[in-house]
Amino acid sequence: MKKSICLYFQVHQPTRLRLYRFFDIGKDSHYYDDFTDRTILHRIAQKCYLPMNQLLLDLIKKYGKDFKVTFSITGSALEQFDRYEPEVVRSFKELADTGQVEFLAETYYHSLASLANEGEFKHQVEKHVKAIEDHFGVTPKAFRNTELIYSDGIGKQVYGMGFKTMLTEGARHILGWKSPDFVYSNPVQPGLKLLLRNYQLSDDIAFRFSDQGWKDWPLTADKFLSWMKAADGEVINLFMDYETFGEHQKEASGIFDFMKALPGVVLADGSLEFTTPTLCARKHQSVGEIEVPDPISWADEERDVTAWLGNELQQDAFNKLYEQSEKLALLNNAVLWEDFGHLQESDHLYYMSTKFFSDGEVHSYFNPYNTPYEAFINYMNALSDFIIRIDDAVATFGQAPAAEEVKPAKKKKK
Amino acid sequence: MRVLMFGWEFPPHIAGGLGTACYGIVKGLVENGVETIFVMPSASGDEDGSVATIINASDVPVMSVASSVDEFLDKVRFVRVGTNMIPYTNPDEFYELVEAEKKQREVSSDKIYGSKYRFSGKYGSNLLEEVARYAMVGGTIAVEHQDEFDVIHAHDWLTYLAGIAAKELTGKPLVVHVHATSFDRGSEDMIDSRVYSIEKRGMEAADKVIAVSDLTRNIVINKYGISPDKVVTVHNAVDFSGRENLQVERGVRDKVVTFLGRITFQKGPEYFIEAAAKVLKRTSGVRFVMAGSGDMMNRCIRHAARLGISDRFHFTGFLRGMDVQKMFALSDVYIMPSVSEPFGISPLEAMRSNVPSIISNQSGAAEVLKYAFKVDFWDVDAMADDIYALLNYPALADFAAKEGYEEVNRLKWNHAAAKMKKVYESVIK
């Protein structure tokens, strides 16, 4: 049996908050920096999404059923595409129409709902599945959680939502001596197959590709093929941010040429084949269960959730946000639900991370704030306004019957 | 009566409270029939010249002065500035100043004589050198104008050396005015000994010392060893002329409790956070605001997050200009929990904006404000009680706001200046 290669790309754009001051609380409930979102999206569309989609489309046309890729596109990103760059949606649709591209399900808002609230988690996954169906006419069958966050418990919930395949990180501390290059399964729900990211090979492309100080620079398709062949498992999961192509690794680094050459080199060799998560899980048996009692992710050296919930600021913000779930559940207010979603984007918590010293480069690259404190203050101001709106809505909701009681009193006077 | 006054700044270009206080004093002196020659290191030309003759020390070339003065200046001339001695500026501005000054290296010292020196007049990195040069220029100015004044008045340590030089060269009596001491700027083990020694020398050379509060007077007596009969308390006042209270539409219906000032150890910000958490346990419908910046800000943000009150405890960062007035206008209670505050003008501003104020007993303002609520800075229970009461008992809050407004309007520089005039009279032979 040929070894499988899963190429999966994550597409996400955060809904950035504007400078939201204390003085704005209760006065202005638009929290977002639309201008920055639009500017950044436009740049990334030109540098990454459009040229890379075209490149992949050309490869699929050239190799037909032999070349496959996988995407997960967050709802937040889709909203921005619809609003600012509809051309990007059209080009993803073209890829979807080839039938060679799998789309994954995830949380619509790229949120940490899986760590907070089962109901909200499910709600967002359903919302995301619907958005993918509406945009691309395909129904996601496999699942990836925000930042590949996974634990035994989360896996159980995901299985409960009807997914049989889930992607996560091949974190060394959970694997021990085991290789990430096999299919595993959830110990609580053995029906859920797990695909683990080969972080070594994935990061060779995503992080090290243009690093001229790296001993293996420059990376060529032939060299990469030899590494994949040397891996002793059955599956090689290359999971990375889609913005790797043209944004994190600039065009001048040769990243596009590398990707253009890779399928040809792999297919000519003949010992590996391209596949997608769902097909891969169908083809390969689970070699065993893997236990993950505490959540893991693909972030930072620790591969845990401390990038979002590692300090007291993040924890307070996270707790205050999800405390609103109960009140919101009483309300059927689409606008509030939408803001609740956008405020849940994990990026907001990521900006508050104080882990600058070990993983500073990555953190600061994506961070619009000078300090985690600024990020926290700004977020809490916006959240405070949001909480006021919920409380107002709940208050009027409760008053409705009271208002009716007044009427008979008036009648009596007559 | 005529006074030669050494200041460091004067409105409209001010970084701290000293310039505002000097302006009030000079205006008050005019009303008491005292003429002032006001010397400052770097005047811009748009200062209010109707209240005093302004002399810009940057315009005056230094003459080779008597050797006795030269000698003591020698000791301080090349002392470099350390950290922790920036008296009034806020940390952001300080950072900008230091960065700016690093770029333009200072002139070498042998060019001092016969030349003009452009003072920055700020509180920057070569502050001690500016203080020394200011003394030399100050001496020169005193000699040039010696027939035009009867007494010398120097404000805070930055100008003490200038005051001493003027006294030694002209023989006129010297009054030094203590607005703040080293002990208000850092904890006792962090005192900058160079600044302390200039302060002490100024107080010792002075014929009388004016302190802005009894609290400060006690520090002058106990920490600087100055004889009690030489030290006189004259409380600060505040000039509200031409100011109208802002009307601001409120975004939040909750009551707002505000702390406004530098977020440093001296201001007691963490006591405020603790008190806020206590209040929030008993009542909702209130928000707390910490306006300002400072070296304890990040620690305070973490503190509030740890107590789980970040959705009700807000930080605004450093506020400028109208935002300060706006913040007062949005406030229902003002709090100044200072650990050590020579006077503290901000509660007066708050009360003038009809905001009832809670201040610590460890502030000079507590000595003059009858209608402010007073607590010990460490007594967070008492602080929480007062906040709760002001939020929940409108009669109390209305009374405190109304009486407080009247009270601060009665605090006039005119009265303070009359006391200063008496001090002058006591030293003029």
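Guide: Let's begin with helix α7 of chain A, residues 199-206, which is mostly covered, with 7 of its 8 residues buried. Buried means under 20% relative accessible area, exposed means over 50%, and partly exposed lies in between, using a 1.4 Å probe and protein chains only. Helices here are DSSP runs of H or I with at least four residues, strands are runs of E with at least two, and both are numbered from the N terminus.

Before going on, please keep in mind that this is a predicted model, where local features need pLDDT of at least 70, side-chain atom pairs count only at pLDDT 80 or more, and totals for chains, interfaces and linings use all residues. Residues are numbered from 1 along each chain as its sequence is written, chains are lettered from A and ligands numbered from 1 in the order in which they are written, and side-chain values use heavy atoms, leaving out hydrogens and water.

Back to our helix: the buried residues of α7(A) are Tyr199(A), Leu201(A), Ser202(A), Asp203(A), Asp204(A), Ile205(A) and Ala206(A). Their cover includes the strands β5 (165-169), β7 (193-197) and β8, together with the helices α6 (172-175), α8 (221-230) and α9, of chain A.

Two of these covering elements lead us to a loop. Between β8 (235-241) and α9 (255-269) of chain A sits Ser253(A). Ser253(A) has a relative accessible area of 25%, so this residue is partly exposed. Leaving aside residues up to four places away in sequence, Ser253(A) touches Phe209(A) and Ser210(A); contact means heavy atoms within 4.5 Å. Val265(A) is 12 residues from Ser253(A) along the chain, and their C-alpha atoms are separated by 19 Å.

Now for a place where the two chains meet. Helix α12 (residues 312-322) of chain A and helix α10 (residues 297-306) of chain B have axes that come within 8 Å and cross at roughly 45°. The helices are therefore oblique to each other: angles under 35 degrees count as roughly parallel, over 145 as roughly antiparallel, 65 to 115 as roughly perpendicular and the rest as oblique. On the α12(A) side, the contact is made by Glu312(A), Leu313(A) and Asp316(A), and on the α10(B) side by Ile301(B), Arg302(B), Ala304(B), Ala305(B) and Arg306(B).

Finally, a word on confidence: the predictor gives the complex an ipTM of 0.71 and a pTM of 0.79.

Notes. Axes are lines fitted to C-alpha atoms, for helices over the stretch in contact, and angles run from 0 to 180 degrees between N-to-C directions.
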